[in-house]
Structure formats: structure tokens, C-alpha cells
Amino acid sequence: MTGGGLRHEAAGQADAVLFAAASAAAAAFDDAFDGHSGEELASIVGVGGDGTPTSRLDEIVDTAVLAAVDGYGVNVLSEEVGWVDRGSALTLVVDPVDGTANALAGVPISTFSAALVLDGQPIVALTRWLETGKDWLARTGEPAGALWRTTGRRRLDGAAISLLRPQAASRAAWGEVAERAERVRVLSCSTFEAILVCTGATDAFADLGADVHRYVDLVAAQLYAALAGATLCDAFGRPFEFDVDLTRRWSGVVAASEDLAAEIVETVSRRMS
């Protein structure tokens, strides 16, 4: 089956896959904290598909997600295990726990975030706030509704900005953006912070040139931004696209308007030149 027929069939399957994965993640997350100490969950048990350390908490939740979707036959691209090829036209791109450090520290801002990708494009996305159970769901081509909207802000001066913590590569740009903004937040959960932009809670979220973001971090935001009229881009102008290589990185910018995104990108370019 190809073309519109495949897309229709995929869209019908996508919700079931995403909710099965989210439910498994949430249950495993809760069980992990009930059955293990914080020290046990924080212990490093391996290296993930993106080349970064995997904690026991990450491993527990990721294992539960993989088991939950196994019967659906979709490919999986996960932060922890990398690429699982099942020969499907559909790929579940998933970050089982975004904000692991928050969760381990008792800061209640961590999410399960995933999207179903068909022909390189996300068609349905779901993010679940693990500490509260709140869901955000978006499907391509659907009306935005009242939830998905931006503040419409066009200027960096006086804006409310959510940022990744400053690193050596981004420190100069970070300092200028922080100085020009009215309010700066560092919440350490990219999937959650992108949603805040796309629901009008803040003006922008950005990695200011440190190349921290992987595809799993912002794939759901592609759909959220499209519905909200937000701008999603890379600070260096690189295309944000499906890639099974999780070592590939971006400096993601999610902004309430094209003008605001352009100001942020210009600041990064100027400060890193």
C-alpha cells in the first residue's frame, strides 16, 4: 500500500502505538521510583544510541516502551537503544525520559515524548508529563484548536526565553540573550520547553549554538510548531530532518514568530563568528 492509503492506515495505527508507549513509560517510571533508590536509578548502566551515558532509570523506561510496541511491528528510533529496523514504513521516534536529571533530583519536570514518522515526516506526536500524567497530542493536518498558539512576540528585547544551560561554545550568545530578555528560565527538559512556546506560555526556547539537540528532542515539536504557527529551526541553518544516526546534533530554536527566531539566530551567528 502506498500514497494516501498508506498514510491513512498509518494515522489510524499511530495513536494506538503512541498511547501504548506512553502508558508503558509512565508505569515503568512510577515503578522505578517505587522499587529503587535514587542512587540506584542514577547509576550509569551503559551508553545510549546517541553516545551519551544511560542511567538505570532510562534503561528501565526504555525497556518497557520497546516491549509495549513490539507487537505493532513499527521501527523504533530511541535515545537509549538507537535504531531498531523492523522493515516498516512507520518509525516510532522516542525519548523515553527527557529530563532524567530533573526526575532523579526530585524536580517534577520530565516527559515521555515521541512521534510516528512516515516517509521522513512526523504524522502524530504525543508528549506526556511523567509527574502529572498530562498529555499533549498533535496530528498533522488537523486544525490547531485553542491549545496550540504562540504569544506572537517578534522581538528578543523584553522576551521570556527558555534556554539550555550555558556551555563553552554558547556562553557569549547566552550572555547577550539573557541580558536582552525580560525573563530567562532553564528547565532542563527540551520537549517540555518546546511545548511552552507552542502553547503561548513563553516566547522562545533555544540551544544557543552548543549543538545539544538530537532528532528525538525536537521531532514532536515539528508538529506542535506547525499547529501553533511557531518557528522551529536550527541556529546554524541546518535542515531538521529524520536521521537514524543519533550522534547527529542540532542547536534547536523554537520561537513564537519568524522574526524572533531570526533575532536569536543572528545573535548566535554574530557571537560565535
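**Sheet and helix packing**

Tutor: An open sheet is built from 6 strands in the order E4-E3-E5-E6-E7-E8, with mixed pairing. Strands (E, at least two residues) and helices (H or I, at least four) are DSSP runs numbered from the N terminus, and two strands pair if DSSP finds at least two bridges between them. The model is predicted: local features need pLDDT of at least 70, side-chain atom pairs count only at pLDDT 80 or more, and totals for chains, interfaces and linings use all residues. Residues are numbered from 1 along each chain as its sequence is written, and side-chain values use heavy atoms, leaving out hydrogens and water.

Student: In E6, what is the bridge partner of Thr-91?

Tutor: E5 (residues 90-98) and E6 (residues 111-118) pair in the antiparallel sense over 7 bridges. In E6, the partner of Thr-91 is Val-117.

Student: Are H5 and H8 oblique or perpendicular to each other?

Tutor: The axes of H5 (residues 171-180) and H8 (residues 258-272) come within 8 Å and cross at roughly 140 degrees. Axes are lines fitted to C-alpha atoms, for helices over the stretch in contact (heavy atoms within 4.5 Å), and angles run from 0 to 180 degrees between N-to-C directions. Angles under 35 degrees count as roughly parallel, over 145 as roughly antiparallel, 65 to 115 as roughly perpendicular and the rest as oblique. H5 and H8 are therefore oblique.
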